[in-house]
Amino acid sequence: MTAVDVSDAAGATPVPEALLERALTLLARRDGADAAGRDKAASQLRRWSEAGAEHRRALQQAEQLWGGLGNLAAASRDAISLPAADDRLPPARADRRRALSRLGGGTALGLAALAGLGLWRWHGEQALFDRRFATGIGQLMPGVTLPDGSTLALDADSAVELSLWRNRREARLLHGRALFTVASDAGRPFTVFTRAGEVRVVGTRFSVSDRGGAVRVLVAEGRVQVRSGPEQALLRAGQQIELRSVDASDTEPGAQPWLGPVRPASVEDAAAWRSGWLSFNDTPLAEAVAAFNAYLQHPIELAEHPRLRALRVSGGFDARAPKIFVESLPAVLPVRVERGPLHYRVKLTNAGRGDSGGR
């Protein structure tokens, strides 16, 4: 659902609040002045708007807000103003009545300008673009261009919630893997939130993956700031990092989210899955299997054994050929593979006495 029309607003440069407030004030003076002062107020507004591009943008937005207020200024002034001075009153009382009337009109204009500024602040807190993107088992979303010029691609069985605001851009990776190519905009940083931490950038290309184990961030271009709890790290192109969240299985009191060391990575791996290729580099077996299962109607089953799930795999595999991946495992890992009518089941071969390698 989009909160407002994003056809020309999503990429608009934010206007400083002080400039917008000044523009609203000058508009109030112009529209509230009498015939004698209106030309002077209009001239002052014109000179102010010619002071620079930011002034012109501020005036443009202020005029939109001012027009949206309708006849608020005039209606408020009519409601607050006192009756016209009665010539039959003594001069002193008539002067006071006229002074109060002028004060009432100024107050109405001030209220109108304040209302315009309040409307602008409220408007600034509304998302320009708010949408959920998702793929199913075996489905890929090669790339969608967003209103800010960024692009988003999704791996199979993945979901992202995305919101664009006037002063920030936010994405939440619900599960799976996403590739972000972020259009540079220093005034609107782009942040990806995950269950284990967040990734903050201005303009870059990177992937974020969450298949149930560690959250992985790999940078293909530019730089990103990764944060997990109190820890943070700066990644450059060709680097990756793992983030882990604290869940119910953590028994240590005061356990904190964990940020692993920065490690080198192949930039091609960030988007290899877009061509149906899954790359693993010292990846836990449980996460590698989860990556394949995103493409399979009948998933590979992994026995519930902690040693089995922690085994590491490396290499590149065709996501459309899970048989090659599964049947190659016994050659490089202490596992055995059982083939059922619809799926494969992987078990540990050298489990301890009384341990069947997982059920």
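Q: Which residues of α2 are buried?
A: Ala-41, Ser-43, Leu-45, Trp-48 and Ser-49. Buried means under 20% relative accessible area with a 1.4 Å probe, counting protein chains only. This is a predicted model, where local features need pLDDT of at least 70, side-chain atom pairs count only at pLDDT 80 or more, and totals for chains, interfaces and linings use all residues. Numbering runs from 1 along each chain as its sequence is written, and side-chain values use heavy atoms, leaving out hydrogens and water.

Q: How far apart are the end C-alpha atoms of α2?
A: They are 22 Å apart, which agrees with the 21 Å that 15 residues (35-49) should span at 1.5 Å a residue. The expected span is 1.5 Å times one less than the number of residues.

Q: Switching topic, how do α6 and α8 cross?
A: Their axes, lines fitted to C-alpha atoms over the stretch in contact, come within 11 Å and cross at roughly 160°. The two helices are therefore roughly antiparallel, a label for angles over 145 degrees between N-to-C directions.

Q: Which residues make the contact?
A: From α6, Leu-285, Ala-288, Val-289 and Phe-292; from α8, Pro-322, Phe-325 and Leu-329. Contact means heavy atoms within 4.5 Å.

Q: And Ser-209, buried or exposed?
A: Ser-209 counts as buried, at 12% relative accessibility. Ser-209 sits in strand β8, residues 205-210. Beyond neighbours within four places in sequence, Ser-209 touches Leu-173, Gly-176, Arg-177, Ala-214, Val-215 and Arg-216.

Q: What percentage of the protein's residues count as buried?
A: 43% of the 359.

Notes. Helix = DSSP H or I, 4+ residues; strand = E, 2+ residues; numbered from the N terminus. Buried < 20%, exposed > 50% of the residue type's maximum accessible area, 1.4 Å probe, protein only. Axes fitted to C-alpha atoms, helices over the stretch in contact; angles between N-to-C directions. Parallel < 35°, antiparallel > 145°, perpendicular 65-115°, else oblique.
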